[in-house]
Amino acid sequence: MKIQIRDVQALRAITPAALAAYVRGEGWERLEPYGQHADVYAHPHQSELIIPRTQAIADYASVVAELIATLTEATERDALT
């Protein structure tokens, strides 16, 4: 079953530090900064990810939703996990 998290408050509650910690735990490594507000992460067997370093971007919730969608496919887990 595919679950999508659409609650903006729930998405904004996921901090940049939590996102970075999760992807590092799943094998991604930080490569370089991406502009002033994000970092690029790479994984040997997955596509690169751009993880925000701040929640002070206008589309933060939609960026987190997209990251969750990408991670659900990459890790073969559901969005709530």
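This report describes the overall build of one protein and then turns to two of its residues.

## Overall fold

The structure discussed here is a predicted model, and its secondary structure comes to three helices and three strands.

## Size and packing

The C-alpha atoms of the protein fill a box of roughly 30 × 30 × 15 Å when the box is taken along the principal axes. A compact globule with 81 residues would have a radius of gyration near 12 Å, and because the protein has 12 Å, its value agrees with that expectation.

Of the 81 residues in the protein, 27% are buried.

## Surface and charge

The protein exposes about 5,400 Å², and carbon and sulfur atoms supply 51% of that area. As for charge, the protein carries 7 positive and 11 negative side chains, and the centres of these two sets lie 5 Å apart.

## Thr75, in helix α3

Thr75 lies in helix α3, which covers residues 60-75. With a relative accessible area of 18%, Thr75 counts as buried, because this value falls under the 20% that marks the limit for a buried residue.

A polar atom of the Thr75 side chain lies 2.6 Å from the backbone oxygen of Leu71, and Leu71 is, like Thr75, within the range of residues 60-75 that forms helix α3. Once the neighbours within four places in sequence are left aside, Thr75 is in contact with Tyr22 and Glu26.

## Glu29, in strand β1

Glu29 lies in strand β1, which covers residues 29-34. Is this residue buried or exposed? Glu29 is exposed, because its relative accessible area of 58% is over the 50% that is required for that description.

Even so, Glu29 has partners from elsewhere in the sequence: with its neighbours within four places left aside, Glu29 is in contact with Val40, Tyr41 and Ala42. A further distance can be given for Glu29 and Glu48, which are 19 residues apart in sequence, while their C-alpha atoms are 9.5 Å apart in space.

Conventions
Residues numbered from 1 in each chain as written. Predicted model: local features only at pLDDT ≥ 70, side-chain atom pairs only at ≥ 80, totals over all residues. Heavy atoms only, no water. Helix = DSSP H or I, 4+ residues; strand = E, 2+ residues; numbered from the N terminus. Rg over C-alpha atoms; globule rule 2.2 N^0.38 Å. Buried < 20%, exposed > 50% of the residue type's maximum accessible area, 1.4 Å probe, protein only. Areas by Shrake-Rupley, 256 points an atom, 1.4 Å probe, with all protein chains shown as cover. Lys, Arg positive; Asp, Glu negative; His and termini not counted. Charge placed at Lys NZ, Arg CZ, Asp CG, Glu CD. Polar contact = N/O pair within 3.5 Å; in protein donor to acceptor, adjacent residues only side chain to side chain. Contact = heavy atoms within 4.5 Å.
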